[in-house]
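Visitor: Please take a close look at the part around the ligand, and then follow the helix packing and the backbone exceptions from there.

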Amino acid sequence: MFDFGAQQIEYLKGVGPAKAEVLKAEAGIHTYWDLLNYFPFRYVEKGHFIKIGQIRDDKNSVALKGKIVSVTEKGFGRNKRLVALFKDDTGSMELTWFSGIRWISQKLRPDVHVTVFGKPSIFNHRLSLNHPEIEVIDPAKPVNEEGLGIQPLYPSTENMKNRGLTTKVMANITQNLCRQAYKSIPEILPRSITNRYRLLSREEAYRHIHHPASLAFAEAARQRLKFEELLILQLKILRQKLHVSKTRGLVFDKVGDHFLYFFNNNLAFELTDAQKRVIKEIRGDTRTGFQMNRLLQGDVGSGKTIVALMCMLLAVDNGFQACLMAPTEILARQHFASLSKMLAKMNVRMGLLTGSSTKKDRDILLNLLGDGQMHLLVGTHAVLEDAVRFKNLGLVVIDEQHRFGVAQRARLWEKGRIPPHVLVMTATPIPRTLGMTLYGDLEVSVIDELPPSRKPVKTLHLTDKDRLKLFAFLRQEIAKGRQAYIVYPLIQESENLDLKDLMDGYESISRAFPMPEYQLSIVHGKMKSEAKEFEMQRFKSGKTQIMVATTVIEVGVDVPNASVMVIENSERFGLAQLHQLRGRVGRGAEQSYCILMSSDNLSGDAKERIGTMVATNDGFKIAEADLKLRGPGDLQGTRQSGLLALKLADIVQDENIVRAARYTATEILQEDPGLTLPEHQGLAREMEKDGKEKNIWAKIS
Ligand code: ADP
Ligand code: MG
């Protein structure tokens, strides 16, 4: 059969070999089909320009026409930017670019006439546009008479523009293609579904997404193609779930001596109802003879560790080994220490394996694991190495899952002939629609209550001028016997600069809190792990009152007596990170505080993040706010999973479509699990198309 979409792009009218090379290299467009799927990111309705003086808010994008007054480069290093002053007959405003500066500055000269599109920001009553799309125009020609009524804007790189592949040229070649493609884009959705949701046909959708007859058509086209994209994704996820739920698994059919001894003698507190429920759910799963794949979601401090431990004891009771993997060495050591304490007087052998275990210790440990004498292993990524072999691994627990890449999880999977049960724990609550997609093939348990007697952490926002107040407050808390963290951001690209921030901070804190009255600890990523461990222990045992640290302490660290968390430069942290850090305090019965320090001068987003932190302790609300502010691609864990490489749909904005797609996929698979009915052939083919790379992910979760 002749495959229209598979034709090479150079044969398309208006492309040719030279442009084809650029399209391949810059945009991954090799075939007709690739180009059809290279969508405009916006449409401009020509003639809908407004005046600078008419801009009312920073919510809506605007189209403006005017003149460049001046162009200046400002700032250095990270702050380097290009600022153009732009005016029309009602006022002026600044246009700012932080990247692509060279290309823009070549185009923009004082006095050129331009059209500008973008989302305004308003700061100190001044208007500006960051990274607007800009086009130089001929003022003699009225703009709204050129070309089509609605112009699609295509993403294009500097190289593409330099080689003549501007958004206009892209529009022309896609138009050529759409004319030829007529009748070559067969429908893949069953009629009943296009009818139910009133979707455009597939061919219409491709035509109108590139060259819409009106903005309403453009929207309808996007809806249709988003639905298709999400439906295929959900079909894959649900099929995977069906498959996993039929994977043979180990059977934990009894509750034995270890579990019961621990429950009766070593459990220092009453489990919360939520913890009990989750343990029951896991018991249920591990009894069935199918493999468990479960996500345990619980806010910071909700007590996930104890749940993990009790499930590991269940494994031991049934003659299996279990492994707990943590994302950092500090956390692995901490788990090892606290689990060792909890296992007091019990006949359970546990080992610790990290990157800094000595060869001798390692060899002993590997032997004990190999012949089954060691029951539990706690460790970092080191447990993934090939040399680590278990006699009979029954359960794998992955703590703070978002730090682990997908490939790493897959390797644990391979450590048993019958795959072990997998429990993934995360403190980052995931909004439901994202969960449906990201973890759609996992069963989900939620710990939705905190242990009793916890007082919610009080969160305050202070700026640099309040520093004396801050120090006075810290002295007062320390005098009550409490301890405090002071945390500095550490962002990898600028590690040295940040380390300097940390060291400067440490010095000024040492001056404000002099020895011998005060003892300070410091921990950062560049330290040797023994040194880190030594400092953590001093802090944990109460020998030091203040822990000055970078975000190495972000995840999981548990020092119940610490009741103040100070976060320096808090405007530089993301919401999820701030929430994690705040979770380090409020673990004992004392009132705890989180103090967010920042400069006075905050961007709108930073203000919103800090405001959210001050307003709520609810991790779920924070996750939703985070998702809104950053989009799902930026959420921890989603990027490395590659799962959300969606072309059109957006898991947050398109919540309703996600739900409809989920519902439809469930319905289709119920009727036709193998997708063998004639009306499902199109979908089945489409699922196979890009199935190859997705399979890697699909095997693990
Ligand atoms: P997270 O879910 O953030 O990993 P942890 O497992 O570290 O939380 O638990 C936080 C603290 O709460 C620990 O000190 C733990 O001993 C304590 N804890 C856990 N469950 C309970 C409970 N049911 N009652 C009281 N304290 C608990
Ligand atoms: Mg934890």
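**Ligand surroundings and helix packing**

Guide: A polar side-chain atom of Arg587 lies 3.2 Å from an oxygen atom of ligand 1; a polar contact is a pair of N or O atoms within 3.5 Å, where within protein one must be able to donate a hydrogen and the other to accept it, and residues adjacent in sequence count only if both atoms are side-chain atoms. This is a predicted model, in which local features need pLDDT of at least 70 and side-chain atom pairs count only at pLDDT 80 or more, while totals for chains, interfaces and linings use all residues. Residues are numbered from 1 along each chain as its sequence is written, chains are lettered from A and ligands numbered from 1 in the order in which they are written, and side-chain values use heavy atoms, with hydrogens and water left out.

For Lys304, the distance from a polar side-chain atom to an oxygen atom of ligand 1 is 2.8 Å; for Arg454, the corresponding value is 2.6 Å. Ligand 1 has 16 residues around it, and Glu270, Gly301, Lys304, Thr305 and Arg454 come nearest (near: a heavy atom within 4 Å of the molecule or strand).

Next, the helix packing. Two packed helices are described by the angle between their axes and the distance between the axes. Helix 7 (residues 202–210) and helix 8 (residues 215–244) have axes that come within 8 Å and cross at roughly 125 degrees. Helices (H or I, at least four residues) and strands (E, at least two) are DSSP runs, numbered from the N terminus; axes are lines fitted to C-alpha atoms, for helices over the stretch in contact, with angles from 0 to 180 degrees between N-to-C directions. Helix 7 and helix 8 are therefore oblique to each other, given that angles under 35 degrees count as roughly parallel, over 145 as roughly antiparallel, 65 to 115 as roughly perpendicular and the rest as oblique. On the helix 7 side, Arg202, Ala205, Tyr206, His208 and Ile209 meet residues of helix 8 including Phe217, Ala218 and Glu228 (contact: heavy atoms within 4.5 Å). The residues of this contact divide into 7 nonpolar, 1 polar and 4 charged; Ala, Val, Leu, Ile, Met, Phe, Trp, Tyr, Cys and Pro count as nonpolar, Asp, Glu, Lys and Arg as charged, and the others, Gly among them, as polar.

Helix 8 also packs with helix 24 (residues 681–689), their axes coming within 10 Å and crossing at roughly 80 degrees. These two helices are therefore roughly perpendicular to each other. Leu231, Ile232, Leu235, Lys236 and Arg239 of helix 8 make the contact with Leu683, Glu686 and Met687 of helix 24, giving 5 nonpolar, no polar and 3 charged residues.

Last, the backbone exceptions. Most residues other than glycine have a negative phi, and most peptide bonds are trans. His131 has a positive phi, near 50 degrees, and sits in the loop between strand 7 (126–130) and strand 8 (133–137). From Met515 to Pro516 the peptide bond is cis, with omega near 0 degrees; Pro516 is in the loop between helix 17 (495–512) and strand 19 (520–523).
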